[in-house]
Amino acid sequence: MRSHSRNDVVIVDSGGANIASLRGAIERLGARTRLSADGSVIASADRVVLPGVGAAPHAMERLRTAGLTNVLRTLTQPVLGVCLGMQLLFARSEEGSTPCLGILPSAVLRLQSLPGRPVPHMGWNQLRRLKADPLLEGIEDGAHAYFVHSYAAAVTEHTLATAEYGLALCAAVRRGNFWGTQFHPERSAATGVRVLRNFLGQ
Amino acid sequence: MRDGAVVKGVRFADHQVVGAILELATRYRDEGADELVFYDIAASPGRRSVDRAWIHRVTALLDIPFCVAGGIRSVADAEAILEAGADKISINSPALENPDLIDELARRFGSQCVVVGVDSQRAPGAPPQAAGVRAFMVYQYTGDARRMRASGRSTLDWVREAQARGAGEIVLNCMAADGVREGYDLVHLAQVRSVTAVPLVASGGAGSVEHFRAVFESGVDAALAASVFHSGLIRIADLKRRLKAAGVAVRVT
């Protein structure tokens, strides 16, 4: 049965090790979290978070094995992909030439290492707002967020915010009820708290 | 824009200081630290792994990234720490004993989780401005004065090898500068920077705001300090305001 609290968040168990910080951040905002790889639990949640630390091939294999790819594609409630979880929303990833969920068109590509721009892109970077969206309400242009990644999605019509790292990369994205952040809101201090609160208000 | 990140290291010996750990973590979070590093300096010499009960509690407190270092000698050790909520694990002496550990950790968790700490100083007899492959040597078991020893490895060779094996970040602890508060060892850092394509964190020597400004100008990605923050000699919020005024890209809260 669907909860009426609007605070029932299911975090998809995609096999990444680092779920505790995301859970902690969401629970600090008063929401209840459950970790699940069960399609019916995920489908009936008020909100779904697709986390991800690790590599795209491994994560997609986990989702396929658990029979979750179609479940995720057909969700109608607010969904937030975080870091690799955002990348999985795209059509494919260059990481291991992996077909992904295809909720967003276009591909995720390997970041190129440049002088002064080591890869992984790891650390605090500034967000550049492209579009008004409820997810980023209250977030100022230039606000800092914490990034850890070696692959990135290009800027498209669905991009809400970018970060500059040798090139402009997709930092936040939306298509319909699917949102994604390349940065880690659970590790982005006040900026991240605001993003998660905005998501819980959707 | 990429940030000069201010990182705080916290040294601790055992679980009896969990209260102090949580208090410090809260303080540095609120003062605007960009990342915290928790070192169990007794772990590797004693060949025990970090007691992890406190990691869950730190995870619940922090909304900034944190790294755990000390005695991690297997994928299982690392997994327990990452599952408890740490964002990264840092390995030092165990990586020197068993370099394959770097490959195993990077394969399992991704390079972004795998920090290799390098304790380095000038080779015996090397002049102060010496550079090059033979000028700097790696030391291990530096947490225990009785067991500390030269590893026999050149620092530059080891930093190259660690990256080739999958290290996603290098923390260079310049031992001669550590605790002296006379500034980061910029010559040493420049040498290591020249062979480091992943983020490089400077450690050892911070004593003033000017030292931070100089080290960020030298091209490191972040600077780690412990005693100047611990003692209150430098306040992180004040440091970051002054760095920003000096033109360093930092996150000011």
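## Reading sheets, helix packing and a chain contact

Mentor: Let's start with chain A, where eight strands form an open sheet in the order 2-1-3-4-14-13-12-9, with mixed pairing. Strands here are DSSP runs of E with at least two residues, helices are runs of H or I with at least four residues, and both are numbered from the N terminus. Two strands pair if DSSP finds at least two bridges between them.

Trainee: Which strands stand at the edges?

Mentor: Strand 2 (32-36) and strand 9 (128-129) of chain A do; each has a single partner strand, so one side of each lacks a neighbour in the sheet. Before we go on, please keep in mind that this is a predicted model: local features need pLDDT of at least 70, side-chain atom pairs count only at pLDDT 80 or more, and totals for chains, interfaces and linings use all residues. Residues are numbered from 1 along each chain as its sequence is written, while chains are lettered from A and ligands numbered from 1 in the order in which they are written.

Trainee: How many bridges join strand 1 of chain A to strand 2 of chain A?

Mentor: Five, and strand 1 (residues 8-12) runs parallel to strand 2. To see one pair, find I11(A), whose bridge partner in strand 2 of chain A is L35(A).

Trainee: What about strand 7 of chain A: which way does it run beside strand 5, and beside strand 11?

Mentor: Strand 5 (residues 92-93) and strand 7 (residues 107-110) of chain A run parallel, joined by two bridges. Strand 7 and strand 11 (residues 151-153) of chain A run antiparallel, with three bridges.

Trainee: Now the helices. At what angle do helix 3 and helix 5 of chain B cross?

Mentor: Axes are lines fitted to C-alpha atoms, for helices over the stretch in contact, and angles run from 0 to 180 degrees between N-to-C directions. Helix 3 (residues 75-83) and helix 5 (residues 100-109) of chain B cross at roughly 40°, and their axes come within 10 Å. That makes helix 3 of chain B oblique to helix 5 of chain B; angles under 35 degrees count as roughly parallel, over 145 as roughly antiparallel, 65 to 115 as roughly perpendicular and the rest as oblique.

Trainee: Which residues of helix 3 and helix 5 meet?

Mentor: V75(B), A78(B) and L82(B) of helix 3 meet E104(B), L105(B), R108(B) and F109(B) of helix 5. Contact means that C-beta atoms, placed from the backbone, lie within 7 Å. By class, this helix contact holds five nonpolar, no polar and two charged residues. Ala, Val, Leu, Ile, Met, Phe, Trp, Tyr, Cys and Pro count as nonpolar, Asp, Glu, Lys and Arg as charged, and the others, Gly among them, as polar.

Trainee: And how many residues does each chain give to the contact between chains?

Mentor: Chain A gives 29 residues and chain B gives 30. On the chain A side, strand 8 gives the most, with five residues. The residues of that side divide into 14 nonpolar, 12 polar and three charged.

How values were computed. Contact = placed C-beta atoms within 7 Å.
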